[in-house]
Amino acid sequence: MNNEHFVASIPDYLDGRLNSDEHRAFEQHLKDCPSCALELEEYKALLSAFENEETSIPSKKVKDNFLRLLEEEKNSLVKVVAIDTAKTGSNKSWLPRLIKIAASVALLIAAFSSGRYFQSEKANATIAQIENESLQIKQTAMLSLMENQSASKRIQGVQYIQDFDKLDTAIVNALMDRMLHDENTNVRLTAVEALSKFVNSELVKTAFITALSTEKDPSVQIAIIQQMVKSQEKKAVAPMKRLLEEEDTQPFVKDEINQVLSEII
């Protein structure tokens, strides 16, 4: 059963509709797949929000008062229409009542609109809370995966950065640690790509400059150099020039530096 199939089975799992073999297989898969486990937690958070949502119902007293006022206004309208202008000698005596009715209707409309506005605000707040809880779950999964012994799992954790639009100190520090110290080249390269999302941060720029002075893999070196050019970071000029002077720097890395160095200076 592939991951897509397991995700599709989440509703049946929560509703208890899986048979014993399917239930056992599903729970075993959750232990081995952080992605599906995360999806399950998000489903639970969403269902919990719906279950806890309260529906505001007017009290019987409010309903009775509204119906009474509505009946009074209807009766007043009938009386106004029945007025004989020939007896009153004026065709303007109904105007104050009409204004009163119009004002009442306006108040009812305003009350209805206010109710809808506050319901909308409450719904927006609930959605924001769910989104925040989802990001917290993803952050926990991300940090956990980046400490995994498997390089592929660490790469998966690094790639979770796509779900975060704002710079989070804990996440950035974890990414910088992967870039500077991970033993696997692909993990370090993926961390550079992830940090490029926040290349204008002084914290990230400093980390890139440090990595440029310590990194020995040519592909990672070039990736960092490209980010330094993108951010126009002049502090990167010195470590780039040192790479040009070092004998073990690969020729194509030196060519890259010679081509872009003038864009920063």
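Because the model is predicted, local features need pLDDT of at least 70 and side-chain atom pairs count only at pLDDT 80 or more, while totals for chains, interfaces and linings use all residues.

**The cores**

Select Leu175, Phe208 and Met240, the residues with the most contacts inside the largest nonpolar core, which has 43 residues. A nonpolar core here is a set of buried Ala, Val, Leu, Ile, Met, Phe, Trp, Tyr and Cys residues joined through side-chain atoms within 4.5 Å, where buried stands for under 20% relative accessible area, exposed for over 50% and partly exposed for what lies in between (1.4 Å probe, protein chains only). At least two residues of this core come from each of α7 (95-145), α9 (169-181), α10, α11, α12, α13 and α14, and α12 gives the most, with 7 residues. The helices are DSSP runs (H or I, at least four residues), numbered from the N terminus. For a second, separate core of 9 residues, select Tyr13, Leu18, Leu30 and Cys36, which are included in it.

**Helices α11 and α12**

Next, colour α11 (residues 202-214) and α12 (residues 218-231), which pack at an angle of about 140 degrees with their axes 10 Å apart; axes are lines fitted to C-alpha atoms, for helices over the stretch in contact, and angles run from 0 to 180 degrees between N-to-C directions. The pair is therefore oblique, given that angles under 35 degrees count as roughly parallel, over 145 as roughly antiparallel, 65 to 115 as roughly perpendicular and the rest as oblique. In α11, show Lys205, Phe208, Ile209, Ala211 and Leu212, which meet Gln221, Ile224, Ile225, Gln227, Met228 and Ser231 in α12, contact meaning heavy atoms within 4.5 Å. By class, this contact divides into 7 nonpolar, 3 polar and 1 charged residues, with Ala, Val, Leu, Ile, Met, Phe, Trp, Tyr, Cys and Pro counted as nonpolar, Asp, Glu, Lys and Arg as charged, and the others, Gly among them, as polar.

Staying on Phe208, and not counting residues up to four places away in sequence, display its partners Met179, Val192, Leu195, Ser196, Val199, Ile224, Gln227 and Met228.

**Helices α10 and α12**

Thr185, Arg188, Leu189 and Val192 of α10 make the contact with Ser219, Val220, Ala223, Ile224 and Gln227 of α12.

**Ile264 and Gln232**

Move to Ile264 in α14 (residues 251-264), which is buried, with a relative accessible area of 1%. Leaving aside neighbours within four places in sequence, Ile264 is in contact with Met228, Val229, Gln232, Glu233, Lys234, Val237 and Met240.

From there, select Gln232, in the loop between α12 and α13 (237-245), which is partly exposed, with a relative accessible area of 41%. The phi of Gln232 is near 55 degrees, a positive value in a residue other than glycine.

**Arg154**

Finish at Arg154 in α8 (residues 151-159), which is buried at a relative accessible area of 6%. Beyond its neighbours within four places in sequence, the contacts of Arg154 include Arg178, Asp182 and Glu183.

Technical notes. Residues are numbered from 1 along each chain as its sequence is written. Side-chain values use heavy atoms; hydrogens and water are left out.
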